[in-house]
Amino acid sequence: MTRIRVIWGTIIMGLTGLMIWFKIGVVGFLPRWWLDIALAVHFYEAVLATLAIIVWHFYQVIFDPDVYPVNFAFIDGRVSEEAHKEEHELTCEQSQKQAEPEEMET
């Protein structure tokens with residue numbers, strides 16, 4: 001469901017952005033009020049996306065009970081091996097599978 005929202009938001013931002021960017025060409029075949037609507041939709045979609053990203057990141061880095069009071073990975077990008085296994089289980093398993101043949105060869 002999140003991917004659909006991202007794709008839909010990207011399409012809306014792209015179409016309205018192009019309408020605003022090429023407003024003289026748009027007004028040539030659409031009434032002026034279409035441009036006003038595109039400007040309003042583009043603005044509110046940008047506000048919505050910005051707020052969603054801010055709230056999502058604040059939760060992931062600060063307010064998530066698993067990382068409270070703060071996830072220090074935002075400073076240097078490093079996490080403990082235990083946290084990596086817990087949060088990225090599939091990636092961890094794949095890297096272990098890739099490392100096993102290399103260990104056998106040496």
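Is Asp36 buried, exposed or partly exposed? Asp36 counts as partly exposed, at 39% relative accessibility. Here buried means under 20% relative accessible area, exposed over 50%, and partly exposed in between (1.4 Å probe, protein chains only).

This is a predicted model, in which local features need pLDDT of at least 70, side-chain atom pairs count only at pLDDT 80 or more, and totals for chains, interfaces and linings use all residues. Residues are numbered from 1 along each chain as its sequence is written, and side-chain values use heavy atoms, with hydrogens and water left out.

**Helix α3**

- Helix α3 covers residues 32-63. Helices (H or I, at least four residues) and strands (E, at least two) are DSSP runs, numbered from the N terminus.
- The 32 residues of α3 should span 46 Å at 1.5 Å a residue. The expected span is 1.5 Å times one less than the number of residues.
- The buried residues of α3 are Leu35, Ala38 and Glu45.

**Helix α1**

- Thr16 lies in helix α1, which runs over residues 2-21. Thr16 counts as buried because its relative accessibility is 8%.
- Thr16 touches Ala38, Val41 and His42, leaving out residues up to four places away in sequence. Contact means heavy atoms within 4.5 Å.
- The side chains of Thr16 and His42 make a polar contact at 2.8 Å. Such a contact is a pair of N or O atoms within 3.5 Å; within protein, one must be able to donate a hydrogen and the other to accept it, and residues adjacent in sequence count only if both atoms are side-chain atoms.
- Trp8 is also found in α1. Trp8 is exposed, with a relative accessible area of 55%.
- Ile7, Trp8, Ile11 and Leu15 form a nonpolar surface patch, with about 440 Å² of accessible area together. Patches take residues with over 30% relative accessible area and no salt bridge; like charges are joined within 9 Å, and nonpolar side chains (Val, Leu, Ile, Met, Phe, Trp, Tyr) within 5 Å. Areas come from the Shrake-Rupley method with a 1.4 Å probe; for residues, only the protein chains shown count as cover.

**Salt bridges**

- The whole structure holds 2 salt bridges. Each is a side-chain nitrogen of Lys or Arg within 4 Å of a carboxyl oxygen of Asp or Glu.
- Arg32 pairs with Asp36 in a salt bridge, with the closest N and O atoms 3.6 Å apart. Arg32 and Asp36 are separated by about one helical turn, because they are 4 residues apart in α3.
- Glu81 forms a salt bridge with Lys85, where the closest N and O atoms are 3.6 Å apart. These residues sit 4 apart in helix α5 (residues 81-87), so about one helical turn separates them.
- Glu81 is exposed at 58% relative accessible area, while Lys85 counts as partly exposed at 39%.

- Cys92 lies in helix α6, residues 89-105. Cys92 is buried, with a relative accessible area of 9%.
- Beyond its neighbours within four places in sequence, Cys92 is in contact with His84 and Lys85.
- Cys92 and Gly25 are 67 residues apart along the chain, and their C-alpha atoms are separated by 52 Å.
- Val67 lies in the loop between α3 and α4 (73-76). Val67 is buried at 13% relative accessible area.
- Val67 touches Gln60, Val61 and Glu87, not counting residues up to four places away in sequence.
- Val67 and Ala83 are 16 residues apart in sequence and 9.6 Å apart in space, C-alpha to C-alpha.
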